[in-house]
Amino acid sequence: MSTDAQIEEFYKEQTIFLTGGTGFLGKILIEKLLRQCWDLNKIYVLVRPKKGKSSKERFKEFFEYACFDLIKCKNLSEKVFLISGDIQKPFLGLGVQDAELLKKETTCVIHAAANVKFDQTLKEASHNVRATRDVLELAKQMPNLKVSSKTLQLFMKYYFKVFVHVSTAFSNCVHSHIEERFYTPPMKSETFLGLVDDLDDNTLQAITPKLLGEYPNTYIYTKCITEDLVKTNLQVPKAIVRPAIVIGTIEEPVPGWVDNLYGAIGIVLAAALGVLRSLHAKKSNLSHLVPVDYVANCILAAAWKAHRSGTTTIYNYTGDTKNMITWGEFMELIDGQCWDFPTEKIVWYFCFKLRENELWHKICVFFLHTVAAYFADFVLICVGRTTIAVKNYRRLDKMMDLISYFSTRSWTFEQDNVLELWDQMGKDDKKMFKFSMEDTDWVKYTRDSILGGRMYLLKETLDTIPKGKKKLKILFVIHYAVVALFWYSLYKFLMFVASSLYGNF
Ligand SMILES: NC(=O)c1ccc[n+]([C@@H]2O[C@H](COP(=O)([O-])OP(=O)(O)OC[C@H]3O[C@@H](n4cnc5c(N)ncnc54)[C@H](OP(=O)(O)O)[C@@H]3O)[C@@H](O)[C@H]2O)c1
């Protein structure tokens, strides 16, 4: 192996404990580690029971996801092991044996698990803090032999080397310029957890807005507190990686892979389906979109660097300032791709717009979402089907309102540590663990994202594109017929009002 491939070398013989491995980012982290760093020792993945399936059942089905297609030929059970647990339970819900195993063998922790919903209650979100505390407590009990001699280190198979915490670029979004440093949290973790434990649900709900203050939601609030926990605990090299808005893969394992419906991906999908027609957003604001595979590479490189430098570093991974696109540019590109690759499942003509004026946006939402939803449900009732439109639009509009905090504000992010990390990587490492977005081709990336969304989220193959195009053309005619009818009716109504008031002209 060339001396330039230091990151791959670093993961050789590592035993990684990964939380959040079953998530969007976690899957790509696991896939990359197994494809690129097969010489690692083991990956222990924390899996909780979910949707009626036990951890074991979920783990058994885990490698069926399309993102693992390239590595299915390998004997994955040799490297990846299940740890049953749940971050909502005390001490991560770990069994005694599993906890002992992790303490004995882990050499690197990557903590990525979190409840990422923006609309969760403070009690639900508090598990993000509690889990981080518990992962840190567990890590404290992993043999952390401070061996400075490299020769001696080679003989020590198990010693805990590095802790990586996945945060978010918006954990300190109450500041408009975000540096790569720790900020004072809104509350200390012990005080926060004490408060959540002491207060009943109703009282906690009632005081939540006051507690949140300027923080936009409970997710961000708890993510901010967790950073302080990482700062004040555990004396090993640490890396805190703060990705901005994570979307589908740009390159690996295949371009356009995605399995997550939150945030920007949700917006694109809802727009492509013709369901979402208005979003309150400032078109000229930078979008800070980052591909999930680059985020994974940045995390893996940051762990290598933390071990090499022996220090704690924060990385604002928010895209390359020299090659960023605005929300307006992004949606324009998506618009073009939706025309070229429309989905067969499209329900209405693609007429999505970003609207900067809040009042105008609300008027549009009323007519294009609310009135349209009631009309759709009326039609469903007439044909004897169950109504779904009003209920789904309420949920969609609520989600978009939560997102609008981020789409109407702008931030600048310091990125010195990210740039330095990239500069310090060798030529081979840069190829294998690429995360620089300097040369990102946004046209290609948005095209791959739309094709990936069709394939992995809507489960549509490429041969459905002609059907999608035909449907889009029909919906185009229907849409403009409805628009013409609306304006004609409005004109007639206004004429009627005018003639009632002033008589015939
Ligand atoms: N996506 C983004 O845009 C973005 C941006 C910035 C930062 N991040 C951070 O990146 C990390 C990963 O996010 P993601 O986008 O991959 O989200 P995700 O797909 O929702 O994944 C979240 C992960 O956390 C796990 N988790 C949640 N509650 C759990 C519980 N009670 N017990 C055990 N595991 C639990 C989930 O397990 P299940 O599979 O069991 O649900 C899943 O593996 C998070 O820390 C998030 O804050 C994400």
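The sulfur of Cys-351 lies 10.0 Å from the closest cysteine sulfur, that of Cys-364, and this is too far for a bond. This is a predicted model, in which local features need pLDDT of at least 70 and side-chain atom pairs count only at pLDDT 80 or more, while totals for chains, interfaces and linings use all residues. Residues are numbered from 1 along each chain as its sequence is written, and side-chain values use heavy atoms, with hydrogens and water left out.

Cys-351 counts as buried, at 15% relative accessibility, where buried means under 20% relative accessible area, exposed over 50% and partly exposed in between, with a 1.4 Å probe and protein chains only. Cys-73, by contrast, counts as exposed at 71% relative accessibility, and its sulfur is 14 Å from the closest cysteine sulfur, in Cys-67, again too far for a bond. A search of the whole structure finds 0 disulfides, a disulfide being a pair of cysteine sulfur atoms within 2.5 Å.

Turning to the helices (DSSP runs of H or I, at least four residues, numbered from the N terminus), α2 covers residues 24-36 and has 13 residues, reaching 19 Å from its first C-alpha to its last, close to the 18 Å expected at 1.5 Å a residue; the expected span is 1.5 Å times one less than the number of residues. Helix α2 is mostly covered, with 12 of its 13 residues buried, among them Phe-24, Ile-28 and Lys-32.

Definitions and conventions. Helices (H or I, at least four residues) and strands (E, at least two) are DSSP runs, numbered from the N terminus.
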